[in-house]
Amino acid sequence: MPAAIPDRYSLEVRLGRDGDLEEWLATDTSLDRPVLIRSLGPESTSERRSEFVQAVSEAAKTSHAHLARVFTVARVDGGAYAVSEWTGGATVADRIAANQPIDLPDFLPNAAGLAGALATLHSSGATHGRLDTSAISYSGAHPAKLGAFGRPRATDQAGDVRALAGALETALTGSPPGGPPPSERVDGVPRSLDGILRSAQSGAMSAADLEKSLRAAPTPREPRSNTGPTSRRLIIAALALILLAVALVVVGFFLSGGAAPVVPTPTTEAASPTTVTTQVTTTLAAGDVSVADPASFDPFGEGGENDDLVGNLIDNDVATEWSTERYLDPLPLLKPGVGVSVRVVGDPRTLRMVGLTSGTSFDLYWAAEPSGVLDDWERVGGGNAAPGSTEVDLAQREDGFWLVWLTSLGINDDGTRQSSIAELRFEP
């Protein structure tokens with residue numbers, strides 16, 4: 001039976017039990033909002049009630065977009081209770097039971113967010129202690145959130161990270177960890193994600209390390225449909241070839257004096273008269289990567305961003321740099337972002353950004369040909385600035401153009417926002 005809950009909370013639906021905790025969907029009548037109540041009843045010991053209140057109180061001191069908010073926790077006659085936000089009721093465990101793993105496009109941002117939430121919890125000195133798929137709520141309308149605070153603790157902070165990595169693998173594949181890696185179970189999962197999850201499960205990562213690695217992981221994207229204008233051009237080219245063949249037949253007939261005409265055999269060149277091939281003059285040894293043509297990218301602003309400095313990005317001199325303009329407000333309040341692009345010949349596997357300003361967040365995009373429209377680029381990764389140099393493992397893309405798209409900037413001493421990059425180094 002539940003503990004003596006204050007009258008302001010109207011118990012609506014009994015949800016069941018989480019171990020020794022009873023859970024209810026309730027209404028906070030003072031604020032007219034749904035809440036989740038978790039309580040210990042009279043059967044609980046005094047020591048258990050104290051442990052519960054302490055654990056939930058520690059979580060309540062921490063705020064993060066991927067942590068379930070705790071509104072209050074208290075001991076009362078005959079037990080203890082905690083009131084937290086209602087996140088919709090569905091957990092990752094519920095989704096797995098319904099054979100509905102998290103889709104890959106939604107997985108990476110939510111996984112990184114959960115790791116960040118755990119890192120924030122750990123930085124305050126708290127420990128979850130019993131993390132699994134039933135401790136993570138997730139529905140399409142809400143970001144994934146870590147909750148179920150106050151369970152009897154079974155692990156320390158290192159155990160939290162191992163447990164989260166295991167829960168994330170289950171959320172992605174629908175199966176417990178330990179079997180084939182996710183890249184062999186789910187189409188489109190990059191192999192680098194296998195290594196990230198397995199490394200965290202082995203205890204080699206902190207929660208902050210896990211968040212950083214997940215944010216830097218390449219993000220697959222479904223291939224664009226090659227329909228519309230391209231198809232029409234191919235049809236026109238085919239019709240042109242047919243007309244050309246007919247014309248040659250007629251001309252051959254008359255030139256041969258009425259003899260059976262000889263129909264020319266189409267060659268590869270004749271079959272593609274509208275194809276334009278761009279010759280790349282750069283000659284590379286096997287495995288080499290060449291970088292050229294740096295340019296600023298500011299489609300939501302004035303079209304340029306310190307264009308006279310972009311050459312510093314590839315001059316192999318860390319003393320020179322490209323920087324954004326100074327902004328008085330956070331970048332998201334002004335425009336979606338600003339960035340720089342370069343042409344890369346070869347198959348780079350790592351991008352090293354030397355001197356990326358602390359506090360900068362970025363996305364990585366790739367395109368076979370450059371475009372002034374951001375949606376024409378394929379997002380393949382992202383992350384946050386690291387001290388010294390920021391390394392990102394790249395999805396396999398040979399040749400083409402890479403765009404470093406800054407979504408938030410560092411903060412100067414005078415409060416203005418600005419970010420710099422000394423070198424962009426694409427390495428095989």
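The legends below describe close-up views of a predicted model.

Residues are numbered from 1 along each chain as its sequence is written, and side-chain values use heavy atoms, with hydrogens and water left out. Because the model is predicted, local features need pLDDT of at least 70 and side-chain atom pairs count only at pLDDT 80 or more, while totals for chains, interfaces and linings use all residues.

**View 1. Helix 3 packs against helix 4.** Helix 3 (residues 104-123) and helix 4 (residues 157-173) have axes that come within 11 Å and cross at roughly 170°. Helices (H or I, at least four residues) and strands (E, at least two) are DSSP runs, numbered from the N terminus; axes are lines fitted to C-alpha atoms, for helices over the stretch in contact, and angles run from 0 to 180 degrees between N-to-C directions. The two helices, helix 3 and helix 4, are therefore roughly antiparallel, a term for angles over 145 degrees. On the helix 3 side, the residues that meet helix 4 include Phe107, Leu114 and His122, and their counterparts in helix 4 include Asp160, Leu164 and Leu172; contact means heavy atoms within 4.5 Å. This contact of helix 3 with helix 4 comprises 10 nonpolar residues, two polar and one charged. Ala, Val, Leu, Ile, Met, Phe, Trp, Tyr, Cys and Pro count as nonpolar, Asp, Glu, Lys and Arg as charged, and the others, Gly among them, as polar.

**View 2. Helix 3 also packs against helix 7.** The axes of helix 3 and helix 7 (residues 207-216) are 8 Å apart, at an angle of about 160°. Helix 3 and helix 7 are therefore roughly antiparallel. Among the residues in contact are Ala112, Gly116 and Ala119 of helix 3, together with Leu210, Glu211 and Arg215 of helix 7. By class, the contact of helix 3 with helix 7 has 10 nonpolar, three polar and two charged residues.

**View 3. Helix 4 meets helix 6.** The axes of helix 4 and helix 6 (residues 191-201) come within 7 Å and cross at roughly 145°.

**View 4. Strands contribute to the lining of the largest pocket.** Strand 1 (9-18), strand 3 (33-40), strand 5 (79-85) and strand 6 (136-139) each supply at least two lining residues. The largest share, four residues, comes from strand 5. The lining of the largest pocket divides into 12 nonpolar, seven polar and seven charged residues.

**View 5. Glutamate 58 lies in helix 1 (residues 46-60).** Leaving aside residues up to four places away in sequence, glutamate 58 touches Ala126, Thr127 and Arg153. Glutamate 58 and alanine 126 are 68 residues apart in sequence, yet 5.8 Å apart in space, C-alpha to C-alpha.

Definitions and conventions:
Angles under 35 degrees count as roughly parallel, over 145 as roughly antiparallel, 65 to 115 as roughly perpendicular and the rest as oblique.
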